Amino acid sequence: LRQYNTLYHWYNARPHTSLRTREEITKLGWTVLPHPPYSPDLAPSDFHLFGPLKDAIRGTRFEDDESVIQAVRTWLRAQDKSWYRQGLHALVPRWRKTVQVDGDYVEK
């Protein structure tokens with residue numbers, strides 16, 4: 001693996017906080033950004049993904065779970081790479097603002 005100045009942001013989920021994960025991150029020399037226990041302002045899925053996804057499927061009647069899964073996959077694949085990039089880039093100012101207010105809830 002090539003070494004870059006890598007910042008790693010995790011959501012305090014079990015897979016992210018496991019000993020093996022923490023050891024691997026240390027071995028790679030990554031810097032882990034602090035994250036409050038629950039902060040939807042810092043989860044791109046909460047602040048960038050779910051709103052537009054809900055708008056896209058609002059009013060649709062699905063016959064079964066597989067139909068929902070397929071609709072979500074189709075929508076995700078239809079998004080341009082720049083849309084995903086925009087969501088990740090929006091994380092930086094949100095993270096800075098959260099640090100400035102000592103982890104308090106930022107948005108809304």
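Visitor: Before we start, what should I know about the model and its numbering?
Guide: This is a predicted model, where local features need pLDDT of at least 70 and side-chain atom pairs count only at pLDDT 80 or more, while totals for chains, interfaces and linings use all residues. Residues are numbered from 1 along each chain as its sequence is written, and side-chain values use heavy atoms, leaving out hydrogens and water.

Visitor: Which secondary structure elements does the protein have, and in what order do they run?
Guide: Helices (H or I, at least four residues) and strands (E, at least two) are DSSP runs, numbered from the N terminus. Here there are five helices and two strands, in the order β-α-α-β-α-α-α from the N terminus.

Visitor: How much of the protein is buried?
Guide: Buried means under 20% relative accessible area, exposed over 50%, and partly exposed in between, with a 1.4 Å probe and protein chains only. Of the 108 residues in the protein, 22% are buried.

Visitor: How do I read a pair of packed helices?
Guide: Two packed helices are described by the angle between their axes and the distance between the axes. Axes are lines fitted to C-alpha atoms, for helices over the stretch in contact, with angles from 0 to 180 degrees between N-to-C directions. In this model, helix α3 (residues 44-57) and helix α4 (residues 65-78) have axes that come within 11 Å and cross at roughly 120°.

Visitor: Which residues make that contact?
Guide: Contact means heavy atoms within 4.5 Å. L49, P52, L53 and A56 of α3 meet V72, W75 and L76 of α4. They divide into seven nonpolar, no polar and no charged, where Ala, Val, Leu, Ile, Met, Phe, Trp, Tyr, Cys and Pro count as nonpolar, Asp, Glu, Lys and Arg as charged, and the others, Gly among them, as polar.

Visitor: And how do I read aromatic rings?
Guide: A pair of aromatic rings is described by the distance of the centres and the angle of the planes. Rings of Phe, Tyr and Trp (its six-membered ring) pair if their centres lie within 6.5 Å; planes under 30 degrees apart count as stacked, over 60 as edge-to-face and the rest as tilted. The whole structure holds two aromatic pairs. W75 and W83 have ring centres 5.4 Å apart and planes at 85°, so they are edge-to-face. W83 and Y84 are edge-to-face too, because their centres are 5.0 Å apart and their planes are at 85°. W75, W83 and Y84 form one aromatic cluster.
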